[in-house]
Amino acid sequence: MNASAGTPAAREGAGGVLVVDDSRVMRQALKKILSPVYQVHEAADGEVAWEILQAQTDIGCVFTDLSMPRLDGYGLLQRIRESGEARLQRLPVVVITGNEDDTATRTRAESCGADDVVMKPFRAGQILDTAGRLLSAPAVPGEAAKPAAASPVQAPAAGGETGGDAGEEAAQLREQLERVREQVRAGTQERARLERELEQLRSELMLRQQTSDEAEAGRRIRALESRLQEAEAGREGLQAELQEASERLMETDRQVREANRARQEAEAEVQRLHRELDSARERTGAAERALAASDGRAPERPQGELQARAEAAELARLQAEDELVQALSRVERAEQERETARQETRDLRARLNRLQRQMQEREAQEAERRRALETELARVREEAPAGSVGQDGGGPPPSGEGQAAAPSQDDAGAPPGEARTDGGAAPAPPRPAATVSPVARWEVERARKLRLRRGIAWGIAALALSVAAFFLGGRLL
């Protein structure tokens with residue numbers, strides 16, 4: 001910072017003020033505050049302000065914003081402090097900004113050469129005090145009469161004055177004093193009027209800022225709702241995949257039950273064939289024993305019959321063994337099908353577990369996004385309550401924007417819209433309820449999804465019980 005910029009000697013005789021801001025509303029507000037005392041010049045950006053500073057030599061102070069097109073406040077500060085003209089290098093510069101990080105902004109502005117930093121929203125007295133501290137104000141109307149007011153001190157030194165002349169001079173002094181008082185009253189009234197206009201302007205600025213904040217919050221809320229819809233679409237896809245896996249598991253369970261029945265039938269067939277094979281073996285043995293007992297002593301015909309019976313028994317035994325081999329083959333195939341079904345059941349159970357974990361992760365993400373949405377809505381409601389114009393005590397809101405006045409104690413028991421019994425005006429009807437908030441819609445949708453999850457969980461539990469019963473039945477067999 002240039003140390004000589006704030007000295008009275010450097011500013012002596014300079015009465016002009018340059019207001020640099022891309023907002024016409026802000027320029028008008030500063031002009032209304034400063035114009036009764038100083039000559040005010042305006043610029044919409046840093047480039048225009050630099051041209052005015054080079055052309056106008058009567059400018060003794062600059063009030064500039066930071067965020068502007070083409071050349072911002074920091075760039076204008078740099079040009080002023082690095083200028084080759086001593087007049088511009090010593091020129092006082094006041095930065096007016098509305099940045100939230102006021103400490104960092106103040107530090108950077110002062111490091112760039114700013115003489116002072118004023119944060120928005122500001123007061124008229126603050127601007128005037130800053131300008132008076134950095135700039136010598138020109139004489140206001142009525143100051144020319146002040147030297148005459150000091151003449152009563154020198155009046156006794158005029159030796160030849162009569163008492164009548166002294167009375168006339170006192171009357172003139174009283175008239176001058178009355179004129180000065182009138183001018184002071186007029187200045188006070190003008191100041192009060194300017195302060196009212198400034199407060200109204202601050203209220204309008206706050207309302208515009210509030211509208212901008214509400215629009216930004218609405219955009220963020222819509223973005224969150226879009227992300228929630230995408231998450232819901234992914235969740236529905238997982239639910240469909242889970243439903244498909246459940247149906248496949250039920251089909252596999254049915255196939256396992258059919259394979260179990262086929263295995264039981266094959267085992268029963270094997271047992272029957274074993275019995276038939278044992279019976280054929282017994283008949284073959286009996287025939288062989290009868291043939292051996294005859295030892296050729298029996299007639300030719302009975303011995304031939306015994307031989308035929310033995311051959312028939314052997315043939316029956318061979319057929320029974322062949323059928324037994326086929327039955328064992330069927331049992332083996334049934335066992336393989338059963339093992340394949342068990343493997344598919346294990347695979348499906350692993351897939352179901354994986355889908356359940358994915359659903360839990362989705363639920364955790366949706367819960368986190370819902371909490372973020374609720375936090376965002378709560379912050380928006382706290383920052384932009386209905387009908388308010390700001391927390392710094394701005395003026396009253398425009399007509400139609402404020403909240404309805406709270407009912408008095410006498411009207412507390414009367415329902416809305418009915419006339420009071422004491423003849424007073426009926427309280428205003430309540431404002432219509434707002435539309436259903438995204439949080440309420442979330443709660444309804446969450447309850448519906450919870451019921452659906454419970455149904456799926458019960459279905460999976462029943463399916464697991466049936467699979468466990470099937471395995472227990474297989475082990476018992």
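Among contacts between residues at least 6 apart in sequence, 72% join residues at least 24 apart. This is a predicted model. The chain has 477 residues, and 31% of them count as buried. Eleven helices and five strands make up its list of elements.

**Confidence**
- The mean pLDDT of the chain is 75. A value of 70 or more is reached by 75% of the residues.
- Strand β2 (residues 39-43) has the highest mean pLDDT among the elements, at 94. Helix α8 (residues 146-149) has the lowest, at 35.
- Over residues 137-162 the pLDDT is below 50. Beyond near neighbours in sequence, this stretch has 17 contacts in the model.
- Residues 386-426 also have pLDDT below 50. Here the model shows 36 contacts beyond near neighbours in sequence.
- Where pLDDT is low, the predicted coordinates should not be read in detail.

**Surface**
- The accessible surface of the chain comes to about 29,300 Å². Carbon and sulfur atoms account for 51% of that surface.

**The sheet**
- Five strands form an open sheet in the order β2-β1-β3-β4-β5. The pairing is parallel.
- β2 and β5 (116-119) stand at the edges. Each has a single partner strand, so one side of each is left without a neighbour in the sheet.
- On average, neighbouring strands of this sheet are turned by 20° against each other, direction ignored.
- β1 and β3 run parallel and are joined by five bridges. Across this pair, G16 stands opposite I59 in β3.
- Strand β3 (residues 59-64) also pairs with strand β4 (residues 93-97), in the parallel sense, over three bridges. F63 stands opposite V94 in β4.
- β3 is mostly covered, with six of its six residues buried.

**Helices on the sheet**
- Helix α2 (residues 24-34) lies across β1 (16-20), β2, β3 and β4. Its direction is at about 170° to β2.
- Helix α4 (residues 73-81) packs on the sheet and touches β1, β3 and β4. The direction of α4 makes about 175° with that of β4.

- Which residues of helix α3 (residues 46-55) are buried? They are G46, A49, W50, I52 and L53.
- Seen down the axis of α3, these buried residues fall within an arc of 165°, so they line one face of the helix.
- An α-helix has 3.6 residues a turn, so residues three or four places apart point the same way.
- The buried residues of α3 pack against strands β1, β2 and β3. They also pack against helices α4 and α5 (86-89).
- E51 and A55 lie on the other side of α3 and are exposed.

**Helix α7: another buried face**
- In helix α7 (residues 124-134), the buried residues are A124, I127, L128, T130, A131 and L134.
- Why do the buried residues of α7 line one face of the helix? Seen down the axis of α7, they fall within an arc of 160°, so they line one face.

Methods. Residues are numbered from 1 along each chain as its sequence is written. This is a predicted model: local features need pLDDT of at least 70, side-chain atom pairs count only at pLDDT 80 or more; totals for chains, interfaces and linings use all residues. Side-chain values use heavy atoms; hydrogens and water are left out. Buried means under 20% relative accessible area, exposed over 50%, partly exposed in between (1.4 Å probe, protein chains only). Helices (H or I, at least four residues) and strands (E, at least two) are DSSP runs, numbered from the N terminus. The arc is that of the directions from the helix axis to the C-beta atoms. pLDDT is the predictor's confidence in each residue, from 0 to 100. Contact means heavy atoms within 4.5 Å. Two strands pair if DSSP finds at least two bridges between them. Axes are lines fitted to C-alpha atoms, for helices over the stretch in contact, and angles run from 0 to 180 degrees between N-to-C directions. Accessible areas come from the Shrake-Rupley method with a 1.4 Å probe; for residues, only the protein chains shown count as cover.
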